[in-house]
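Subject: Structure handover

Hello,

Here is the structure for you to look at.

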Amino acid sequence: MLADTAEVYDASAALCYSANSLNRCGEKRKDTEWVNSLEASPDARFLIQANDAFIFNKEVTHEPLIHPVETLKSLNVTDATTIFLGIDETDGNRPYFGVRYTADAETLDEELEKLGTFAAYGLRGIAIKRAASQRVLGMMAQAASLGRWHSTHKMCSQCGQPTKLAESGYRRDCPSCSAQHFPRTDPAVIMLITHGDKCLMGRPYHLMENVYTTLAGFVEPGETFEDAVRREVFEEAGVKVGKVEYVASQPWPFPSNIMIGFHGEALTTDLNIDYEEMEDCQWFSKEETLKMLQGEAESGLICPPDISIAHHLIKKYIEEK
Ligand SMILES: [Zn+2]
C-alpha cells in the first residue's frame, strides 16, 4: 500500500497509518487562544470517536470520516475531549482536531441509526476496507492514540487526584501536585528472521485462523531495539539471532504502539516454542512464503494483510534476496 502523499522519503512513509500531512505546530499549540480560534473557524475539521470507534458519514463519498462542526452538533456530544492534531499545509492550512466522547456501547449503533446518516467503525476495519485515504488514516492513528490516552489517564499517577488536559491535548497537568504527564507511545519490535532460503513465522493465539506472521514483542526498559529482537525470538521460538537490520517503523494505534521493523539472521534453526505465547512457529521456504503472501498456498496458510508492517517485512525479504 503506497502513501498518497506527494513524496515518500523512506520505507516507513509508505505504510498504513504512517502518512500524515499535518504540521503539528509543536510550539504554537501551547497558545490556547490561537488553538481555540482555529477550532472556532468554519474551516476546522474533526475526526470524531465514540469510545474507540470513528464516526462515519454514510452520505459523504469523499473522506466520510472527516467532519465539519455541524456533525458534532448533530451528535449532541457533551463530554468531548478535543485534541489539536495540526494544520494541513497541503489544504490551505486547514486545522484538524480529534474529538473523543463517551458513548453507551450497547445503544451507540441504534442512536446513530436514528440520526440517519452516521455509523461508527473501528480503525482496523476502516484500513482494511480502504474507507479512508492513507493521509486520513495517518491522522486517525494520531487521534486514536491521543484520545485513548486521555480516556485512560484522567487521574494523576503520582497523587491520585484528577488531571486536566493541557497543551491542546499533548499533556495532562495535575493541579494538586503540579505533575505533568505526557502521552505514551510503547515501542514494540517486529522482525522477520531468516536463515538462507527460509524464514521464521509463527502464530500467536489471538491471530486469525490460517495466518502465520513475523514474531514481535515489546521493548523492555534498559534494552536496545536490536537486543529486544534477539531476546523475543529466543523466548518465543528458541532461535538465536545474530545480525539485525532496521527496515521501517509503523505507528500502530491499538492503542499506542510504534512497531519497529527488522530483518534478522538466525544463528541456529532448532525450534523450542513457548506454547504459552505461541500456538506454533515454523520455518517456511521462500517459495511457500511468496504463495502465502499472495493467498495462493495449497496449505491454505496466509500472511497478514498489507495494512501491517509484517506484510512488508515479508515482502521485502522475498523481493530482495
Ligand atoms: Zn498529582
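The site of the zinc ion is tetrahedral, with angles of 102 to 114° among its 4 donor atoms. Four donors count as tetrahedral if all angles lie between 85 and 135 degrees. Donors are N, O and S atoms within 2.8 Å of the metal (3.2 Å for Na, K and Ca), and water is not among the atoms, so sites may look incomplete.

Two notes on the basis. This is a predicted model, where local features need pLDDT of at least 70, side-chain atom pairs count only at pLDDT 80 or more, and totals for chains, interfaces and linings use all residues. Residues are numbered from 1 along each chain as its sequence is written, and side-chain values use heavy atoms, without hydrogens and water.

**The zinc site**

Which residues coordinate the zinc ion? They are Cys 156, Cys 159, Cys 174 and Cys 177, each through its SG atom, at 2.3 to 2.4 Å. Their spacing in sequence is C-x2-C-x14-C-x2-C. Cys 159 sits in the loop between helix H5 (134-152) and strand E7 (164-166), and Cys 177 in the loop between strand E8 (171-173) and strand E9 (180-181), so this pair ties together parts that are 18 residues apart in sequence. Helices (H or I, at least four residues) and strands (E, at least two) are DSSP runs, numbered from the N terminus.

Is Cys 156 buried or exposed? Cys 156 is buried, with a relative accessible area of 5%. Cys 159 is partly exposed at 33%, and Cys 177 is partly exposed at 32%. Buried means under 20% relative accessible area, exposed over 50%, and partly exposed in between (1.4 Å probe, protein chains only).

What about disulfides? The count is 0, where a disulfide is a pair of cysteine sulfur atoms within 2.5 Å. Cys 25 counts as buried, at 10% relative accessibility.

**The largest pocket**

The largest pocket has a volume of about 930 Å³. Its lining has 32 residues, and the closest to its centre are Arg 124, His 206, Leu 207, Thr 213 and Trp 252. Elements that give two or more residues to the lining include helix H4 (123-128), strand E12 (215-218), strand E13 (241-252) and helix H8 (309-320). E12 gives the most, with 4 residues.

How is a pocket found? On a 1 Å grid over the protein atoms alone, a pocket is an open set of points where a 1.4 Å probe fits, with protein on both sides within 12 Å along at least five of seven lines; lining residues have an atom within 4 Å of a point. Grid points are joined across faces, edges and corners, and the volume is the space filled by probe spheres set on the points.

Trp 252 is in strand E13. Trp 252 counts as buried, at 15% relative accessibility. The C-alpha atoms of Trp 252 and Thr 185 are 9.5 Å apart, though 67 residues separate them along the chain.

**Backbone details**

Phe 254 and Pro 255 are joined by a cis peptide bond, with omega about 0°. Pro 255 lies in the loop between E13 and E14.

Asn 76 is not a glycine, yet has a positive phi of about 55°. Asn 76 is exposed, with a relative accessible area of 59%. Asn 210, also not a glycine, has a positive phi of about 75°. Asn 210 is partly exposed, at 36%.

Best wishes

Technical notes. Four donors count as tetrahedral if all angles lie between 85 and 135 degrees; four count as square planar and six as octahedral if opposite donors are over 155 degrees apart and all others between 65 and 115; anything else is irregular.
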